[in-house]
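Please keep the sequence and the model in view while reading.

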Amino acid sequence: MDLSKKLVSEFVGTTALLAIVVGSGIMAERLADGNNAVALLANSVATGAGLAILIYSFGEISGAHFNPAVTLTGAMQIRSSRNLVISYSIVQIGGAIAGVVIANIMFDLPAVNLSTKIRSGVGLYLGEFVATFGLISVIRLGSRFHPKLVGVLVACYITAAYWFTSSTSFANPAVTIARSLSNTFAGIAPESVPMFIVSQLAGAVGAFIFTNWLLTEEKASDE
């Protein structure tokens, strides 16, 4: 597939993903009347459903990464060029920002509205490590053993991770950066972004090492 088509697919897919995440968060917050549990339920179900659709729509074109951490671990596996990783990451971040801007404008909010929601502390950082470790593990193991179900597996995992992780599972550096631009239910204060990204990248690398060990052992036993 032509690189330009892959990059456009990553941009559009990530734009749609963030419009879903932030837009459903705004709608949920407005309709839940202060009930955060109901708002989170609506936000997580909408995100999971949208993510599955986007993965199956764009997967055969760009791989449907929508996430620099996914791109990075994929490149570590197949030894992709540094330029490809950088190009994917740039369009993912750009698409994520575009998605947040679209969501803000749809709900009559300022296009860029910096979040004031502080998300910090060891518990939340551990939550992001766990969320990203799980996501990359699901993708790598799912791709190995159930390739046709990866979209469903990822969507189900993210929906669950909204609930079982302390951080509500951002698990994506592009998503984290973009969500700092919306002072809504899904937002994160800009000053909280760096440590979230550090935790995510650590989780991604840890998952790659772990799953690489698992898959290497599995192949050896087959022989």
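## A loop residue and its surroundings

Leaving out residues up to four places away in sequence, A189 touches S115, T116, K117 and I118, where contact means heavy atoms within 4.5 Å. The model is predicted, so that local features need a pLDDT of at least 70 and side-chain atom pairs count only at pLDDT 80 or more, while totals for chains, interfaces and linings use all residues. Residues are numbered from 1 along each chain as its sequence is written, and side-chain values use heavy atoms, with hydrogens and water left out.

A189 is placed in the loop between α7 and α8, and because its relative accessibility is 0%, A189 counts as buried; buried means under 20% relative accessible area, exposed over 50%, and partly exposed in between, with a 1.4 Å probe and protein chains only.

R179 belongs to helix α7, which covers residues 173–179. R179 is buried and yet has no salt bridge, the nearest side chain of opposite charge being that of E128, 7.5 Å away; a salt bridge is a side-chain nitrogen of Lys or Arg within 4 Å of a carboxyl oxygen of Asp or Glu. Beyond its neighbours within four places in sequence, R179 is in contact with a set of residues including L18, V21, V22, V100, S115, R119, Y162 and I188.

T211 lies in helix α8, residues 193–222, and counts as buried because its relative accessibility is 0%. Apart from neighbours within four places in sequence, T211 is in contact with S137, R140 and L141.

Most residues other than glycine have a negative phi.

| Residue | Phi | Relative accessibility |
|---|---|---|
| A64 | near 50° | 9% |
| F66 | about 55° | 1% |

A64 is located in the loop between α2 (36–62) and α3 (68–78), and F66 lies in the loop between α2 and α3 as well. Both carry a positive phi without being glycine, and both A64 and F66 are buried.

## The chain as a whole

The secondary structure consists of eight helices and zero strands, where helices (H or I, at least four residues) and strands (E, at least two) are DSSP runs numbered from the N terminus. A compact globule of 223 residues would have a radius of gyration near 17 Å, and the chain, at 17 Å, agrees with this; the radius is taken over C-alpha atoms, and the globule rule is 2.2 Å times the number of residues to the power 0.38. Along the principal axes, the C-alpha atoms fill a box of roughly 60 × 40 × 30 Å.

Of the 223 residues, 48% count as buried. Among contacts between residues at least 6 apart in sequence, 78% join residues at least 24 apart. The accessible surface, calculated by the Shrake-Rupley method with a 1.4 Å probe, comes to about 10400 Å², of which 68% belongs to carbon and sulfur atoms.

Key: Lys and Arg count as positive and Asp and Glu as negative; His and the chain ends are not counted.
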